[in-house]
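The structure is shown first.

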Amino acid sequence: MNFDRTEEQELIAASIARFVERDYTFEARRRIVASADGCSEDVWQAMAALGLTGLTLPAEFGGLGGGAMDAMSLMEAIGGALVVEPWLATVAIGAQLVARGGSDDQRRSIIAAVAGGARKIAFAHAEADARHAVEHVATRARHDGDAYVVSGVKRAVPHAAVADTLIVSVRERGGDRDADGLTLLLIDRAAPGVRLDPLRMLDGTRAADVRFDDVLVPASARVGPAGAAHPLIGAVTDFATALVCAEAVGAIASANAATLEYLKTRKQFGVPIGAFQALQHRMVDMTIEHEQALSMASLACATVDTERDPTVRGRMVSAAKVRIADACRHVAQESIQLHGGMGMSDELKVSHTFRRLTAIAQQFGDADHHLERYAALSGGREGSP
Amino acid sequence: MDLDYSADEHAFRDEVRAWLATNLPPALRDKVVRYGHLTRDELMTWHRILAAQGWIAPAWPTEWGGTGWNVVQRYLFEEECGYAGAPPLMPFGLAMCAPVLLKFGSDAQKTRFLPRIYRGDDFWCQGYSEPDSGSDLASLRTSAVRNGDRYVVNGQKIWTTLAHMADWIFCLVRTDATLDRKQDGISFLLIDMKSPGITVRPLILMDGAHEVNEVFFDDVEVPVENRVHDEGKGWTVAKYLLGHERMNTARVGTSKRELEQLKTFAAAQRKDGKSLLDEPRFRDKLSRLEIELTALAITNLRFLDRLRGGRPPGADVSMLKIKGTEIQQRLTELMLEAAGPLAQVVGPAGGDADGDDLLAALAPRYCNMRKTTIYAGSNEIQRNILAKHVLGL
């Protein structure tokens, strides 16, 4: 039992904290969100210079070789500062899929480029009727000689417009909800037949609906086994879910800090409103939510780094996501309420944190989805949690 | 970051678990697991078994019989005892009076009382709350007037747990009512329950149990040598003790066992021919509770890790009390729900409601456990403590 950071983790945390404080103020973020791309190449290059774009990628291809536990402080900082750069999409999902499932050639070329900041990836996976089901893929890939021909629509793909490469889940066989039959393909964002309809999201990030009309893809662009990519997608989704739990912890801490500061400085009836017990107790409950969320994010990140059994892994990640989703909702709503009218204002960061927390509560599955998955994976499992 | 115990700690836990498996009398365990109310004899039987093993007072200094275990070992021991279904150890002597004597007591007081507490010769109770002094404990009015080498005590204590079994009571009394601050002028006295002028009256709780009492003091004479610490310093003693009282209120081990029991029980209940575990509405409630307990177990480990690193137990303990008791209550609530309408049966008419029928114990248990968010500093008081000492409000 040890909850201290390693020396390397301390260094990473310190460098991220310095970077955020200097280059990612709330005003800087506001300008970035309002820009044409909705994210910043300068920030991305600065993150690359700190090694962050390779943090969780294999060292042999230019990454730092870290796991989810090593990325916790980065994710907490991303949540605290509401960073909108495509780190999760590119490093934790896109390049992670390649690192775990790709050929040697793919790993050599793609991971080095991502780690160096030269390439961004988006994961084109979610579809209209999927809700949160990872196995739901209706986008089809038929064979044409040595190549695939892909047709279908992916909904609200995070950061698709700034990605150089899309990694796309397609179905080679079976029904839309079968776990069997899934394949991952690397498709150039600018390839013929790929069309993007850009979207703005609640939390200020960008996404796009991506339409594939008979897009020709060489077999060499396949990542992982043909028709059997579901375990790979599931593992990387759990990995990213654990990380977004850590991001939530940072966002919750930020909302709590802003709210506590407000309780101490806002005066009504001649006293700081934090003198009122009704508000004190609500602030205490928000603090407890943060502690419980941090515990579960730690459990999720440790689990995805060390647990080999996908049932146990999925069960623990779902447990964490249930608890995190509840905490996100609780803290987001209370932070606005305790700020009163000011909390509603777009001018205050807390209203932006509210939006990100609302998004995280649903990202990779809401509380109901993960409760159902938790129970399904607990089947016949007596014993302590 | 490593969420697991070390190899040494695992070995220690295995040792404790193996010892419990052979030394915890099955009859005692069964009664605990079925939520029975233990008699003084049953409580002291377990006390003496642990004392004989040398494990009755792990936290005490080794010269007084402590085990020398570190905080993680002490926690593991308590968690394993709770998980195994061992009878609870009454804290009043071991974890309340003894730490006070060790910190503030004279050598004579230590020598006189500590070995008897260790062996289980004396059964202690705690005289704190009064009819008009609950959460506002410092407003207490039970008076002790000095008369030569004696104090003469008059007043009333209430909610005194197991006073009807007790040989001794430690009391907060007012020795000076003229001071401005209500925290000043309070003293800490040890009083023999056999003293003339003490009357104990049962307060029966809504589950029918006799756990708590009113204790009346009518010109009770207490030798001055039974005062701990200086006259008027009782509040210092009380504050020191409050930290101790809340050390193990997360009760993760006990809740883990009760959760397993709840799952087993719910699995055997049928709704529309299906197990209650497959009923989505019930299952989701159960899952959320299990997840909350998982989170609390890790929060508890993080707390232990800090404690081990030399950081003293602070107001954060209040968080464990709040979450731990909410979970304990929720467990009893879901047991009640799982049992369905038959949960309303509390025993045979005219018979003893304290039998070995689990079903009949569920509703009384649900009633009884409402106390947990009220006692040992209500959860609202815990939130006040957190607001003041952690958040600076």
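## Strand pairing in chain B

In this predicted model, B:Leu189 stands opposite B:Arg227, a residue of strand S8 of chain B. That strand covers residues 227-228 and pairs with S5(B) in the antiparallel sense, over two bridges. S5(B) also pairs with strand S4 (residues 168-174) of chain B, again in the antiparallel sense, here over seven bridges.

How much of S5(B) is buried? The strand spans residues 186-192 and is mostly covered, with six of its seven residues buried.

## Domains of chain B

Chain B is assigned three domains: domain 1 (7-89), domain 2 (124-232) and domain 3 (246-389). The C-alpha centres of domain 1 and domain 3 of chain B are 20 Å apart. Their contact takes 17 residues from domain 1 of chain B and 16 residues from domain 3 of chain B.

On the side of domain 1 of chain B that touches domain 3 of chain B, helix H2 (26-33) and helix H4 (71-84) of chain B each supply at least two residues. H4(B) provides the largest share of that side, nine residues. By class, the side has seven nonpolar, five polar and five charged residues.

## Overall form of chain A

Chain A holds eleven helices and ten strands. Its radius of gyration is 21 Å, close to the 21 Å that the globule rule gives for 385 residues, so chain A is as compact as a globular protein of that length. Along the principal axes, the C-alpha atoms of chain A fill a box of roughly 80 × 50 × 40 Å.

Of the 385 residues of chain A, 52% count as buried. Among contacts in chain A with a separation of 6 or more, 74% are between residues 24 or more positions apart.

## Domains of chain A

The domain assignment of chain A also lists three parts: domain 1 (7-119), domain 2 (122-223) and domain 3 (230-377). Domain 1 and domain 2 of chain A have C-alpha centres that lie 23 Å apart. Across this pair, 15 residues of domain 1 of chain A are in contact with 14 residues of domain 2 of chain A.

Which helix gives the most to the side of domain 1 of chain A that touches domain 2 of chain A? Helix H5 (residues 87-101) of chain A does, with six residues. The residues of that side of domain 1 of chain A divide into eight nonpolar, five polar and two charged.

## A parallel strand pair in chain A

Strand S1 of chain A covers residues 121-124. A:Ile121 and A:Phe123 point one way from this strand, while A:Ala122 and A:Ala124 point the other way, and all are buried. S1(A) runs parallel to strand S4 (residues 165-171) of chain A, and four bridges join them.

## The nonpolar core

The largest nonpolar core has 221 residues. The members that touch the most other members are A:Ala160, A:Leu243, A:Cys245, A:Ala248, A:Ala297, A:Ala300 and A:Ala320. Helix H7 (residues 230-265) of chain A gives this core its largest share, 18 residues.

A:Ala300 can be followed in detail. Leaving aside neighbours within four places in sequence, A:Ala300 is in contact with A:Ala242, A:Cys245, A:Met316, A:Val317 and A:Ala320.

## Contact between the chains

The contact of the two chains takes 35 residues from chain B and 30 residues from chain A. Four helices of chain B each supply at least two residues of the side that touches chain A: helix H8 (252-268), helix H9 (280-308), helix H10 (317-339) and helix H12 (379-389). H9(B) gives the most to this side, with 14 residues. The side of chain B that touches chain A divides into 16 nonpolar, five polar and 14 charged residues.

In H12(B), the buried residues are B:Asn379, B:Gln382, B:Arg383, B:Asn384, B:Ile385, B:Leu386 and B:Ala387. What covers these buried residues of H12(B) includes helix H8 (277-306) of chain A together with H10 of chain B.

Conventions. Residues numbered from 1 in each chain as written. Chains lettered and ligands numbered in written order. Predicted model: local features only at pLDDT ≥ 70, side-chain atom pairs only at ≥ 80, totals over all residues. Rg over C-alpha atoms; globule rule 2.2 N^0.38 Å. Buried ≥ 20, exposed ≤ 12 C-beta atoms within 10 Å, placed from the backbone. Contact = placed C-beta atoms within 7 Å. Domains from an automatic or database assignment. Nonpolar A, V, L, I, M, F, W, Y, C, P; charged D, E, K, R; others polar. Pairing = 2+ DSSP bridges. Core = buried A, V, L, I, M, F, W, Y, C linked by C-beta atoms within 7 Å.
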